[in-house]
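Visitor: I would like to go through this model residue by residue. Please show it first.

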Amino acid sequence: MEYAVILENVVTPGRDGRGQLRGASLSIPQGRRVQISGGQDGSGQTLLELIGGLQRPASGRVLVLGQDMNDLNERQTAAFRGGHIGFVSGRPAFWPGMTMAENVALPLRLRGRTEDVGAAQTLESVGMGHIAWAYPKSLSQTEMRCAALARAMIAGPELLILDRVASGLNRREAERFREALRAVLTDKITPLSLDEDGPDETDTDMACALRYGRIERL
């Protein structure tokens with residue numbers, strides 16, 4: 001069995017006493033849809049940053065798609081993240097002077113891609129083809145989240161990190177985002193979702209909770 005993420009006895013010092021992990025371990029098989037609840041003390045954010053290579057553990061190992069993140073320097077980590085990991089935040093940020101197609105294409109443009117990278121088609125795949133030439137200030141919250149999903153998918157990630165993507169959305173809006181997510185997921189993509197408010201079993205294969213700096217299967 002191949003694993004998208006493996007954490008082995010990970011310890012972090014935390015920041016100002018918050019966000020500590022105390023021997024956290026987790027194994028996520030490739031293609032499983034995983035939701036993690038809890039982590040209101042900041043440990044949820046710490047966990048996502050560790051997996052994304054934005055933070056290093058004080059001890060323990062973090063393996064992502066078979067790569068030990070401790071073996072990479074800063075430049076290598078950025079390249080690995082850009083090529084294999086997509087991020088969607090509950091508070092997505094876009095350049096206001098760019099159209100949504102330009103914003104979605106930006107991750108590949110920054111890596112030197114000059115040809116048509118299919119940003120409009122990627123927006124279409126999440127049901128947002130109508131906003132391709134719109135600007136961020138004109139969008140609804142649901143459109144912003146779906147556009148952030150399109151931007152995360154543009155490079156073809158194998159691991160998709162969803163950071164409180166339903167925050168501030170009502171039930172209908174959250175379901176609209178889930179529809180967009182279902183439309184782009186394949187068995188080659190592992191979605192990992194953090195929802196501090198509690199587990200949502202919709203479209204979830206594996207539910208976990210952060211408690212006292214450790215990860216428990218539910």
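Visitor: In which loop does G97 lie?
Guide: This is a predicted model. G97 counts as exposed, at 62% relative accessibility. Its C-alpha atom and that of K137, 40 residues apart along the chain, are separated by 9.5 Å. The loop that holds G97 is the one between β6 (85-89) and α3 (100-109).

Visitor: Is N9 buried or exposed?
Guide: N9 is placed in strand β1, residues 3-11. Its phi is positive, about 50°, although N9 is not a glycine. The cut-off for exposed is over 50% relative accessible area. Because N9 has 52% relative accessibility, N9 counts as exposed.

Visitor: Which residue forms a salt bridge with D163?
Guide: D163 is buried, with a relative accessible area of 13%. In the salt bridge of D163, the closest N and O atoms are 2.6 Å apart, and the partner is R164.

Visitor: What is the phi of R164 near?
Guide: R164 lies in the loop between β7 (159-163) and α6 (171-184). With a relative accessible area of 27%, R164 is partly exposed. R164 is a residue other than glycine, yet its phi is positive, near 50°.

Visitor: How far from D195 is the nearest side chain of opposite charge?
Guide: D195 is in strand β8, residues 190-195. Leaving aside neighbours within four places in sequence, D195 is in contact with Q35, I36, S37 and G38. A salt bridge requires a nitrogen–oxygen distance within 4 Å. D195 is buried yet has no salt bridge, and the nearest side chain of opposite charge, R178, is away by 7.3 Å.

Visitor: Which residue forms a salt bridge with E175?
Guide: E175 is partly exposed, with a relative accessible area of 25%. E175 and R178 both lie in helix α6, 3 residues apart, about one turn of the helix. The closest N and O atoms of the salt bridge of E175 are 3.1 Å apart, and the partner is R178.

Visitor: What is the N to O distance in the salt bridge of E216 and R211?
Guide: E216 is partly exposed, with a relative accessible area of 32%. R211 also counts as partly exposed, at 39% relative accessibility. The side chains of E216 and R211 meet in a salt bridge, with an N to O distance of 2.8 Å.

Visitor: How many salt bridges does a search of the whole structure find?
Guide: Salt bridges that share partners join E8, R61 and D68 into one network. For the whole structure, the number of salt bridges found is 7.

Definitions and conventions:
Residues are numbered from 1 along each chain as its sequence is written. This is a predicted model: local features need pLDDT of at least 70, side-chain atom pairs count only at pLDDT 80 or more; totals for chains, interfaces and linings use all residues. Side-chain values use heavy atoms; hydrogens and water are left out. Helices (H or I, at least four residues) and strands (E, at least two) are DSSP runs, numbered from the N terminus. Buried means under 20% relative accessible area, exposed over 50%, partly exposed in between (1.4 Å probe, protein chains only). Lys and Arg count as positive and Asp and Glu as negative; His and the chain ends are not counted. Contact means heavy atoms within 4.5 Å.
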